[in-house]
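I opened my notebook to look through one structure. I wanted to know what sits inside and what packs against what.

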Amino acid sequence: MENSGTIRITVGGDTAFVASETLAPKQIRPVKAKKRVRRPNDPKPKEWLASELSKQKIADYKPFNFVDGEGVRCSLYVSGCKFACPGCYNKAAQSFDYGFEYTKKLEDQILTDLSHDYVQGLTLLGGEPFLNTQVCLPLVKRIKQEYGDKKDIWSWSGYTWDELQKESSDKLELLSLIDILVDGRFREDLKDLTLQFRGSSNQRIIDVQRSLQANKVIIWDKLEH
């Protein structure tokens, strides 16, 4: 008589009882494919030049906002970016043809908006400001000329600090006029919405003027998280 869970096997007159589970076909667990991490584009030094790419267009202008840096700010969103960061919050502005033409009238309006005492400064975003230096450089120079150090300049960039040191002269000139740089591509795999003024943990908030003087990256001293 067979026991529960056993099978009787007779071979050549010999009989044996074998546990049924040893004869059952083994179930093969499917191997989960590793999720492919999507990464932004990585340029070589001086591979992307504003003189060849920029159409001098603007995706948006937002005066008197509280989200694009410290204090009340006027934010200029330029059009065009080659980094193509997966998960970019402003994907439409990656196109250099997106938006409207930058004009002297808009520049005058930005200067007027900055004149209010409660406005701390200008923020450059995009798109990629360092691929739109034909717009950003004259604007920042004019702000510095009219307001001196009374208004600060913030900029976001997909370029890292180290990459910018190897870049074209127009990018280096723009960097020299900026007070705070949020550097580095947005990384979807490092996304962290709790970070201050950043979308992913690889990005840094850099005090540009102190960094240039020290010849090394100095992080903004008001960084909280």
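Strands here are DSSP runs of E with at least two residues, numbered from the N terminus. I kept in mind that this is a predicted model.

**Entry 1: Asp 60**

I looked up where Asp 60 belongs, and its place is in strand 3. Is Asp 60 buried, exposed or partly exposed? I read a relative accessible area of 30% for Asp 60. Buried means under 20% and exposed means over 50%, so Asp 60 is partly exposed.

Next I listed what Asp 60 touches, leaving out residues up to four places away in sequence. I found Ser 75, Leu 76, Tyr 77 and Phe 100. I also checked Asp 60 against Gly 126. They are 66 residues apart in sequence, and their C-alpha atoms are 8.6 Å apart in space.

**Entry 2: the cores**

I turned to the largest nonpolar core, which has 40 residues. Which members touch the most other members? I noted Leu 76, Ile 110 and Leu 122. Several elements give two or more residues to this core, including strand 3 (57–65), strand 4 (72–78), helix 2 (104–114) and strand 6 (119–125). Helix 3 gives the most, with seven residues.

Setting aside neighbours within four places in sequence, I saw Ile 110 in contact with Tyr 61, Leu 76, Tyr 102, Leu 122 and Leu 139.

**Entry 3: helix 2 and helix 3**

Two packed helices are described by the angle between their axes and the distance between the axes. I looked up both for helix 2 and helix 3. The angle is about 35 degrees, and the axes are 11 Å apart. Their crossing is right-handed.

Which residues meet there? From helix 2 I listed Lys 104, Glu 107, Asp 108, Ile 110, Leu 111 and Leu 114. From helix 3 I listed Leu 139, Arg 142, Ile 143, Glu 146 and Tyr 147. I sorted the residues of this contact into six nonpolar, no polar and five charged.

**Entry 4: helix 5**

I searched helix 5 for buried residues and found Asp 170, Lys 171, Leu 174 and Leu 175. Why are they on the same side of helix 5? They cover an arc of only 140 degrees around the axis, so they share one side of the helix.

I then checked what the buried residues of helix 5 pack against. My list has helix 1 (50–53), strand 6, helix 3, helix 4, strand 8 (180–183) and helix 6 (208–214).

Key. Residues are numbered from 1 along each chain as its sequence is written. This is a predicted model: local features need pLDDT of at least 70, side-chain atom pairs count only at pLDDT 80 or more; totals for chains, interfaces and linings use all residues. Side-chain values use heavy atoms; hydrogens and water are left out. A nonpolar core is a set of buried Ala, Val, Leu, Ile, Met, Phe, Trp, Tyr and Cys residues joined through side-chain atoms within 4.5 Å. Buried means under 20% relative accessible area, exposed over 50%, partly exposed in between (1.4 Å probe, protein chains only). Helices (H or I, at least four residues) and strands (E, at least two) are DSSP runs, numbered from the N terminus. Contact means heavy atoms within 4.5 Å. Axes are lines fitted to C-alpha atoms, for helices over the stretch in contact, and angles run from 0 to 180 degrees between N-to-C directions. A crossing is left-handed if the near helix is turned anticlockwise from the far one by less than a right angle, and right-handed if clockwise. Ala, Val, Leu, Ile, Met, Phe, Trp, Tyr, Cys and Pro count as nonpolar, Asp, Glu, Lys and Arg as charged, and the others, Gly among them, as polar. The arc is that of the directions from the helix axis to the C-beta atoms.
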